[in-house]
Amino acid sequence: MEDSQIIDLYWNRDQQAIEETADKYGGLLTRISQNILRSPRDAEECVNDTYLRAWGAIPPTRPSALRTWLGSIVRNLSLDRWKQRQAGKRGGGLEVLMEELEDCVPAVRGPEDALEDQALAQVLSAFLAALPREGRIMFLRRYWYGESLADIAAGLDCGEGKVKSALFRTRKALRAYLEKEGISL
């Protein structure tokens, strides 16, 4: 089923919208959440909460890119769940990703910095658009989807060392690009 048809189902408050969303995007949403949380149970809850959020947001929202919109919701829910679980303790997976990026991306700030955050998002989008296709895929699979180096390497049919060094060079280039654009780290 096409995304526009699924959105129409939500718009008409037809419960089949959730079934169609689960059929089309359930695997992707689960993978995103699982990569962040490393817990099938927590991932399932975040995916279900994503469907609930979509049901509550459509209407009035009419997302132009349903896949991306749903991915963003499940990612944010998963990050919130991860932060709750990790409060006061140091865990596995996600902090490794954060540590990799902390030298090239500005620190998280408060809501008063929303305009600066939008500018940062535009600069990051421009940087990613300028990357070669393989480099962009590696970067997004690692830092958006939270995939392991081994999974990325297997998906791109290359070695983990290649992925690791390419990501290192990309982070270094990102830092230089942000500094050139006047974004302080």
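Predicted model: local features only at pLDDT ≥ 70, side-chain atom pairs only at ≥ 80, totals over all residues.
Residues are numbered from 1 along each chain as its sequence is written, and side-chain values use heavy atoms, with hydrogens and water left out.

**Stop 1: helix H1**

Select residues 3-11, which form helix H1; helices here are DSSP runs of H or I with at least four residues, numbered from the N terminus. Colour Asp3, Ile6, Ile7, Leu9 and Tyr10, the buried residues of H1, where buried means under 20% relative accessible area, exposed over 50% and partly exposed in between, with a 1.4 Å probe and protein chains only. Why do they sit on the same side of H1? They cover an arc of only 155 degrees around the axis, taken from the directions from the helix axis to the C-beta atoms. An α-helix has 3.6 residues a turn, so residues three or four places apart point the same way. Now show H2, H3 and H4 as well: the buried residues of H1 pack against them.

**Stop 2: the largest nonpolar core**

Which residues touch the most other members of the largest nonpolar core? Pick Tyr10 and Leu29, out of 25 residues in that core. A nonpolar core is a set of buried Ala, Val, Leu, Ile, Met, Phe, Trp, Tyr and Cys residues joined through side-chain atoms within 4.5 Å. H1, H2, helix H3 (40-57) and H4 each give two or more residues to this core. Centre on Leu29 and, leaving aside neighbours within four places in sequence, you will find Val47, Thr50, Tyr51, Leu70, Gly71 and Val74 in contact with Leu29; contact means heavy atoms within 4.5 Å. Another core, of 17 residues, lies apart from this one, and Leu131, Phe139, Leu149 and Leu178 are among its members.

**Stop 3: H2 against H4**

Next, select helix H2 (residues 16-37) and helix H4 (residues 66-86), whose axes come within 9 Å and cross at roughly 35 degrees. Those axes are lines fitted to C-alpha atoms over the stretch in contact, and angles run from 0 to 180 degrees between N-to-C directions. On the H2 side, look for residues including Tyr25, Leu28, Ile32 and Ile36; on the H4 side, Leu70, Val74, Arg81 and Trp82 are among those they meet. The residues of this contact divide into 11 nonpolar, 4 polar and 4 charged. Nonpolar covers Ala, Val, Leu, Ile, Met, Phe, Trp, Tyr, Cys and Pro, charged covers Asp, Glu, Lys and Arg, and the others, Gly among them, count as polar.

Stay in H4 and zoom in on Arg81. Is Arg81 buried or exposed? Arg81 counts as buried, at 17% relative accessibility. Not counting residues up to four places away in sequence, Arg81 touches Leu37, Asp42, Glu45, Cys46 and Asp49.

**Stop 4: the loops**

Move to Arg13, in the loop between H1 and H2. Although not a glycine, Arg13 has a positive phi of about 60 degrees, and it is partly exposed at 38% relative accessibility. Then jump to Arg38 in the loop between H2 and H3, where phi is again positive, near 60 degrees. Arg38 is partly exposed, with a relative accessible area of 48%.

Finish in the loop between H3 and H4 at Pro59. The peptide bond from Ile58 to Pro59 is cis, with omega near -15 degrees. Step on to Pro60: a cis peptide bond joins Pro59 and Pro60, with omega about 15 degrees.
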